[in-house]
Amino acid sequence: MKRIRRSDRELEKSLSPDILPEMDEDLRPIAEAVAAIEDAEPPADLVESVMSRIRPKKKRRVSTIWRYVHTPLTSFTITPLRLASVGAVLGLIILASSFVLDGIQRKQPIRALKGTPLNGVPVVFTFHMPGVSKVDVVGSFNRWSPDGFRMQWDEKRGLWVLAVQLERGRYEYAFLIDGGVMIPDPKAVMVQNDDFGNQNSIIIINGGISHEKGI
Amino acid sequence: MENSEERLISDILAGNADAYGILVERYQRPIFNLMLRMTSNKEDALDLAQDTFVRAYEKLERYKPPARFFPWLYTIGMNLARDFCRKQKCRQTGSVKIFDAREDSDSTIDPGSYVVERLDSKRVEKALEGLPLDYREAVILRFHEDLSMKEIAVSLGISVSGAKMRIHRGLLRLRHILTEGNLK
């Protein structure tokens, strides 16, 4: 990939006398050529290889709840007691988030997915990943295409947010970071392995309340 | 960008290992190319680039914001590459063979205008191979990676004045190689 040539002003700064005294004018084309050197393309599996060799760092000052919501479940058994506990937790989450979601709803127009009936269920995706330039939601509901599913950065809450309407059903999804790295939703209650050694998050939309955040 | 990077690293330190993929994605190109310049071998370059990112991850607690992450990462990469080259046979730098660069050009062109008019990145890239390691990396960090003098000093483990000196002398040597025909 060819580097973008630096502007004259930037190069002027690089070559300013206080940085490089007695700079000859004919050094400028050499500096420009160095700036425009073509980089070799790194192997496609470099990122994946590195990520396979690292493990999450030991968390500091994390609460049990935080740990619980950030640990994806690979399998679970439903018992009446667990069902009641999950129901109670979900009830609390829905109650607590209703104030926040009101705010999001005012700021974020809900867009209907192509082909989705107008009575689709409103869903808000949220994702905590500061320091990246863009996040898209991809999943089986949009055939894993990021077009039109760009999340918006909510500066106040420090979250990426996207409000859409989806039909009732069960979907797999993940977050696409900067158009390159795909990460499952760390807050998803359910995950599922795909055929490529990765995990996708599961969202079940039923009657207006999904495990994600139905409005 | 720096502030965002700081937050990203804080997230990684809090246990979000996936977030490290963003940093690897962002800096894999300059680190892989550094290793390629050092080893001239794609397999070795890939191994060293991976080792650099893994080592940086292991030592991430020692990274001190608000300094930029890249110079710190580059220092780790340089140290790994130097260790590797001490043990293995790496390409020698600074041993430019003499030949007449104007052999394949119009002999009526004087050396000065030859550089200005015919200079292209491929020739400069080749000429860079003839520079001593620290000169070459200082010039690349300054003009190709756009680092400040202070960041170059940190990356190469030298003083700021040392960085300025290496860049200046590196450019002068490049000019000498390109104009005097000392290009292999």
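Mentor: Start with Asp134(B), which forms a salt bridge with Arg82(B). Their closest N and O atoms are 2.7 Å apart. A salt bridge here is a side-chain nitrogen of Lys or Arg within 4 Å of a carboxyl oxygen of Asp or Glu.

Trainee: Where do Asp134(B) and Arg82(B) sit in the chain?

Mentor: In distant parts, 52 residues apart. Asp134(B) is in helix α7 (residues 133-143) of chain B, Arg82(B) in helix α4 of chain B. Helices are DSSP runs (H or I, at least four residues) and strands are E runs of at least two, numbered from the N terminus.

Trainee: And what should I know about the model itself?

Mentor: It is predicted: local features need pLDDT of at least 70, side-chain atom pairs need 80 or more, and totals for chains, interfaces and linings use all residues. Residues count from 1 along each chain, chains are lettered from A and ligands numbered from 1 as written, and side-chain values use heavy atoms, without hydrogens and water.

Trainee: How many salt bridges over all chains?

Mentor: Twelve in the whole structure. Three are between chain A and chain B. Glu61(B) forms a salt bridge with Lys57(A), closest N and O atoms 3.3 Å apart.

Trainee: How many residues are in contact between chain A and chain B?

Mentor: 56 of chain A with 56 of chain B; contact means heavy atoms within 4.5 Å. The buried area is about 5000 Å², with 63% from carbon and sulfur atoms. That is accessible area (1.4 Å probe) lost on putting the two parts together, summed over both.

Trainee: Switching topic. At what angle do α2(B) and α4(B) cross?

Mentor: Roughly 40 degrees, with the axes of α2 (residues 20-39) and α4 (residues 69-87) of chain B coming within 10 Å. Axes are lines fitted to C-alpha atoms over the stretch in contact, and angles run from 0 to 180 degrees between N-to-C directions.

Trainee: Which residues make the contact?

Mentor: Among them are Leu23(B), Tyr27(B) and Ile31(B) of α2(B), and Phe70(B), Leu73(B) and Arg82(B) of α4(B).
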